[in-house]
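Welcome, and thanks for taking a look. Here is a short briefing to read alongside the structure.

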Amino acid sequence: MAFETYDTEIFYDELFEPDGRPRSSAAPLIQRLKAMSPEDLVRQQKAAESEFHQLGITFTVYGDKAGTEKIFPFDIIPRIVNHEEWARIEKGLSQRIQALNLFIDDVYHDQKILKDNLIPADMVRTSFGFKPECIGLKPPGGIWIHVTGTDLVRSSDGNYYVLEDNLRCPSGVSYVLENRSVLKRTLPQVFKNMSVRPVDDYPHRLLDTLCQTAPASAKGNPKVVVLTPGAYNSAYFEHAFLAQQMGVELVEGRDLVVLDGYVMARTTKGFERVDVIYRRVDDDFIDPLVFRKDSQLGVPGLMEVYRKGRLTLANAPGTGVADDKAIYTYVPAIIRYYLGEEPILPNVQTFVCWEPDQKKYVLENLGSLVVKAVNQSGGYGMLVGPHSTLEEQNKFAGLIQKNPRDYIAQPTLSLSRVPIIVDDHFEGRHVDLRPYILYGKKPYIIPGGLTRVALKKGSLVVNSSQGGGSKDTWVLDKPSHPPGRR
Amino acid sequence: MLSRLADSLFWLGRYVERAENVARFIGVNLNLMLDLPMEPAHQWRPLAVTTGDYAAFEKNYGDPTRDNVIQFLMYDVNNPNSVLSCLQKARENARTSREVISSEMWEHVNIFYHQVSGALNNPPHDDFLYHFCRQVRFNSHLFSGLSDDTMSHNEAWHFLRLGRLFERADKTARILDVKYFFLLPKVEDIGTPYDIILWTALLKSASASEMYRKKHSLIQPAKVAEFLMLDPDFPRSMRYCLVNAEKSLRAVANTPPGTYSNNAEKQLGLLRAELDYADVGDIIKNGLHEYLDNFEGKLNSVGDALFSVFLAFRPLPKEAEPVQIHKMETQQQ
């Protein structure tokens with residue numbers, strides 16, 4: 001299929017130079033794609049989609065009586081990250097995660113950073129993710145954020161920026177693994193020639209991370225489980241997938257009970273002690289005796305066991321404080337404060353409506369900014385200025401005036417693009433990148449991560465709930481060859 | 001293993017087996033109708049009776065015509081025992097036990113469900129209906145093959161097999177009960193020209209016709225009943241099912257033969273022994289229907305015992321803090 005008509009326009013394209021030549025790292029891929037007929041490519045695309053359907057990697061469309069199920073849209077053209085770029089991302093994320101872990105620990109203990117006035121103490125105290133119940137907690141191994149998904153974007157200047165950190169229960173890693181396994185069957189030849197770094201060892205590394213941070217009471221032989229809200233949760237597929245891949249049990253709150261000072265699982269042979277819970281249930285629902293009283297998803301008494309150091313929760317409760325999009329603006333300062341280093345990966349310029357002069361600027365420029373609620377994700381609670389109506393802008397102006405603490409704004413970035421297959425030709429679509437970071441003894445970053453793609457033409461919103469899809473992400477192992485040298 | 005998972009696996013086994021049986025009943029009847037001079041409507045009624053909810057059928061459909069019964073048994077999502085409902089529930093149970101069963105099994109149940117639910121919007125033309133029923137059966141066989149060959153024969157597998165064998169024993173008992181009653185109000189009443197065909201159809205309803213002939217050659221009602229109830233080797237006879245269900249149950253708790261360590265083992269052992277030492281002449285003399293009815297009742301109590309021994313949340317010891325325990329809901333029998 002030809003790329004002759006493919007136009008990178010004014011955007012940074014991940015596979016092509018501005019003059020239309022393939023980037024050297026992408027050359028073998030483009031060569032192979034050119035050699036395939038449009039029919040073959042479309043057939044491969046369809047085959048990949050039907051494979052997702054058969055594997056049951058589907059969403060139930062709520063409110064539809066027939067229970068229609070849809071796959072998370074997937075495009076078979078991979079996104080490529082070359083060796084050098086990746087080395088820098090890896091370093092930057094590793095730095096960021098260590099600093100954030102120290103920050104969370106400080107917030108729940110001495111609060112040095114607040115006493116030193118680097119972050120307004122009130123901003124932390126009023127954060128939705130700040131849990132006073134967590135003050136004084138000592139997570140085993142000192143690790144709060146075992147699993148993080150950090151969203152990166154590449155702007156038209158070619159640089160990567162951190163858009164946000166997801167430190168609560170980031171999902172999507174199962175798609176990384178499934179996308180890869182599907183694509184290996186779809187484009188095996190290209191794969192063979194490009195030394196793409198494997199991702200299949202992620203479940204093993206996750207289990208390793210969880211075992212490394214097990215409580216002393218596990219005596220070196222921890223029982224690990226995955227806690228899910230249940231089969232009707234939209235990420236249930238991932239919960240089951242990770243449990244299966246790690247070879248551990250997938251439990252629901254009702255399978256667990258606190259007994260004799262430990263968390264126990266109800267089994268056919270009686271009670272069995274649980275040491276590490278990789279929980280995919282939010283803080284608020286995890287223990288009705290401490291957090292939300294009406295929760296049916298948690299385990300009463302669990303936090304008391306945790307407080308006594310007899311249980312590992314991954315991630316630890318209370319990490320949401322660093323998820324706050326207003327506190328995000330302080331991450332560069334956090335890195336300097338705790339590590340004494342310059343941040344490797346920059347933040348996106350952000351206006352915090354908490355600050356009166358910044359609020360004023362935001363209100364005057366709603367038409368060109370992206371406004372986000374500090375505590376929401378998934379593309380909800382968001383205004384994309386250039387794509388919005390005056391009515392929507394007025395609505396957000398009202399929301400900001402009423403509750404400035406809850407809003408931040410960022411310039412509208414022109415995210416980089418990658419080609420996707422549209423009918424019988426290629427078109428560019430905007431993407432972001434969510435690498436997953438594991439933190440046990442030291443940080444480990446999955447090579448690549450989830451490339452989310454805004455499938456709607458011109459759209460900048462990549463979230464699956466807003467019409468986004470995904471692509472496989474290929475991190476190349478060797479320094480890339482100049483074009484024509486293959 | 002987790003009690004909740006054991007429950008899911010038990011019902012996964014049951015629902016796949018149930019879907020297969022219902023599809024086989026339909027397939028056999030379709031075939032049978034071609035051999036009968038004209039379609040006697042009463043041949044479709046027993047099918048709706050066998051699956052145990054004739055009242056619901058009558059209320060929603062009225063006459064037991066061929067089309068009504070097929071719709072009710074194959075696609076009706078309001079009928080909890082229709083093939084589609086069974087697969088829906090099988091899939092839900094497979095979904096919640098996905099990390100325990102093999103990926104092959106999950107994918108197969110998923111595809112299996114999509115095939116049948118796809119047929120809901122685009123039902124097979126009459127000529128392909130028989131083929132469709134056959135496909136459902138084969139899919140079920142494939143599932144049991146996959147579970148035998150891709151999954152460790154561990155505790156989870158034993159619960160899956162228990163579900164499958166319980167369901168099979170129950171369905172064999174029911175089809176025999178209902179058909180025997182329809183075919184033969186009195187044991188001595190032999191002799192319509194279609195007698196052989198009708199009895200063969202009953203055997204086919206339990207996939208038993210060929211194996212029966214290898215053993216007994218001639219069709220005799222008492223022998224047919226004996227084969228379906230008491231044959232030690234035929235994998236769908238009630239006795240065979242219970243003998244093997246008992247093996248799985250003992251494997252779960254590691255109980256040596258000849259002893260029992262819980263109420264479920266005790267009840268299942270007693271029921272199996274009844275079949276081991278039963279005589280078909282005695283059974284028919286005392287009433288086949290009564291015997292089968294009694295059997296189904298006891299099988300249900302074994303199921304209840306199984307639930308309370310392994311699957312229900314046991315009360316906590318006294319010293320524990322009072323916590324709210326969610327009662328586990330039993331799935332539809």
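A residue counts as buried if 20 or more other C-beta atoms lie within 10 Å of its own, and as exposed if 12 or fewer do. Please keep in mind that this is a predicted model.

**Helix α15 of chain B**
- Helix α15(B) runs over residues 288–311, 24 residues in total, and reaches 33 Å from its first C-alpha to its last, close to the expected 34 Å.
- Its buried residues are L288(B), Y291(B), L292(B), F295(B), L299(B), V302(B), G303(B), L306(B), F310(B) and L311(B).
- In general, an α-helix has 3.6 residues a turn, so residues three or four places apart point the same way.

**Two domains in chain B**
- Chain B splits into domain 1 (1–151) and domain 2 (153–313), with C-alpha centres 20 Å apart.
- Across the boundary, 27 residues of domain 1 of chain B contact 26 residues of domain 2 of chain B.
- On the domain 1 side, α1 (3–35), α2 (45–50) and α7 (126–150) of chain B each supply at least two residues, and α1(B) has the largest share with 18 residues.
- That side is made up of 15 nonpolar, six polar and six charged residues.

**Where chain A meets chain B**
- The contact involves 22 residues from chain A and 24 residues from chain B.
- On the chain A side, two or more residues each come from α2 (38–55), α9 (236–246), β7 (249–251), β8 (256–259) and β9 (262–267) of chain A.
- By class, the chain A side has 11 nonpolar, six polar and five charged residues.

**A loop residue, P256(B)**
- P256(B) sits in the loop between α12 (238–253) and α13 (263–276) of chain B.
- P256(B) is exposed because 8 other C-beta atoms lie within 10 Å.

Technical notes. Residues numbered from 1 in each chain as written. Chains lettered and ligands numbered in written order. Predicted model: local features only at pLDDT ≥ 70, side-chain atom pairs only at ≥ 80, totals over all residues. Helix = DSSP H or I, 4+ residues; strand = E, 2+ residues; numbered from the N terminus. Contact = placed C-beta atoms within 7 Å. Nonpolar A, V, L, I, M, F, W, Y, C, P; charged D, E, K, R; others polar. Expected span 1.5 Å × (residues − 1). Domains from an automatic or database assignment.
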